[in-house]
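This report describes selected features of one protein chain. Please examine the sequence and the structure before reading on.

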Amino acid sequence: MTSSSDRPISFDRSAFSEEHPAYATHQAAIRSVQRVVGNSAPPQNVQVASTGLAQLLTLKPLILTGAGMSTDSGIPDYRGPEGSLRHSRPMTYQEFLHDDAARHRYWARSFVGWRHMQEARPHRGHEILARWNANDRIAGIITQNVDGLHQRTQQKADAQVNRTSKQQSPVIALHGSMDEIECLVCGVKEDREAFGHRLHEANAVVAEQWQMEHADINPDGDARIPQRWVDDFMMVRCLNCGSDKLKPTVVYFGEIVPKQRKIAINELLSEAGALIVVGSSLAVMSGYRILLDANRARKPIGIINRGPTRGEERATFRWRTGVKQALEWLDETIGEG
């Protein structure tokens, strides 16, 4: 097996250009990243929206959450007023796979940002949704977030109602999770925490010098860092085959959501009486498609979000407000608190 110390990575070469077969898909993914979601429905009276959402909760709805769900946990969103797209964009799957320099830069940024992501804690809104899920008040939770906060909270809520591992309440991470690393060459997976220890050992000399502000963290776990940090960063390799093509088990822009995950989501939606979108602009098609499917099935749709949401003209109730405050109000209103 070859270590990062005796097999240095060449990150001054890019094999990814306009002539590359995957470049067109990369460009399409960039357009998705840059999509601007505007208002497509008039503002709705707050009392009508809030009481209407409380009514939807009587229909055992499916909950779909986005980055706005995690902002109260200290993880920034992409498209909000202070969103990370104002200063950077997430990497596409195509450039991660084909551009050595871009992949090396990603891991240098992630090495710094991951420590801050680990410090994030679920908030009261996560706890409320987990309790509703454990008590079968909702059909399940679909999250577009990769931070693992829903999963962590759901485990505690299920334990409180004595659910076994086979009876766990449904939480599906639409875009996967940052908790695992996969080798794109041999397919071997590694726990993110163990992988992080290996990264720290390889970069122990400089790691303690790399201090940064929380505002420089992006929602996918990487961070804005100086180029000199990227140059000094040492990448580790797959423990099985020695490749440096290691990737978090998350669905990147330009990558396809696994088929079995789509099937599981469709099953939950078919069992649900409604759909409630929480903290998402639904700018990405994989999330927006769930709203379209709910609308096609004639299921009522509710939205809780500070800003505009794609497809909001199809929603019966639209509450423009903070996620945590809205969930606390709903919890008190339906008598589950």
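## A buried aspartate and a helix pair

Asp244 counts as buried, because its relative accessibility is 14%, and buried means under 20%. The model discussed here is a predicted one. Asp244 lies in the loop that runs between α9 (227–232) and β6 (246–250). The side chain of Asp244 is joined to the side chain of Arg103 by a polar contact of 3.4 Å.

For the chain as a whole, 53% of the 337 residues are buried. The protein chain contains twelve helices and nine strands. Of the contacts between residues at least 6 apart in sequence, 77% join residues at least 24 apart.

Two of the helices, α5 and α12, pack together. Two packed helices are described by the angle between their axes and the distance between the axes. For α5 and α12 the angle is about 40 degrees, and the axes are 8 Å apart. The two helices are therefore oblique to each other, and their crossing is left-handed.

Which residues of α5 and α12 meet? The table names them for each helix.

| Helix | Residue range | Residues that meet the other helix |
|---|---|---|
| α5 | residues 124–134 | Arg124, Gly125, Ile128, Leu129, Arg131, Trp132 |
| α12 | residues 323–333 | Lys324, Leu327, Glu328, Leu330, Asp331 |

By class, this contact of α5 with α12 comprises five nonpolar, one polar and five charged residues.

Terms used:
Residues are numbered from 1 along each chain as its sequence is written. This is a predicted model: local features need pLDDT of at least 70, side-chain atom pairs count only at pLDDT 80 or more; totals for chains, interfaces and linings use all residues. Side-chain values use heavy atoms; hydrogens and water are left out. Helices (H or I, at least four residues) and strands (E, at least two) are DSSP runs, numbered from the N terminus. Buried means under 20% relative accessible area, exposed over 50%, partly exposed in between (1.4 Å probe, protein chains only). A polar contact is a pair of N or O atoms within 3.5 Å; within protein, one must be able to donate a hydrogen and the other to accept it, and residues adjacent in sequence count only if both atoms are side-chain atoms. Axes are lines fitted to C-alpha atoms, for helices over the stretch in contact, and angles run from 0 to 180 degrees between N-to-C directions. Angles under 35 degrees count as roughly parallel, over 145 as roughly antiparallel, 65 to 115 as roughly perpendicular and the rest as oblique. A crossing is left-handed if the near helix is turned anticlockwise from the far one by less than a right angle, and right-handed if clockwise. Contact means heavy atoms within 4.5 Å. Ala, Val, Leu, Ile, Met, Phe, Trp, Tyr, Cys and Pro count as nonpolar, Asp, Glu, Lys and Arg as charged, and the others, Gly among them, as polar.
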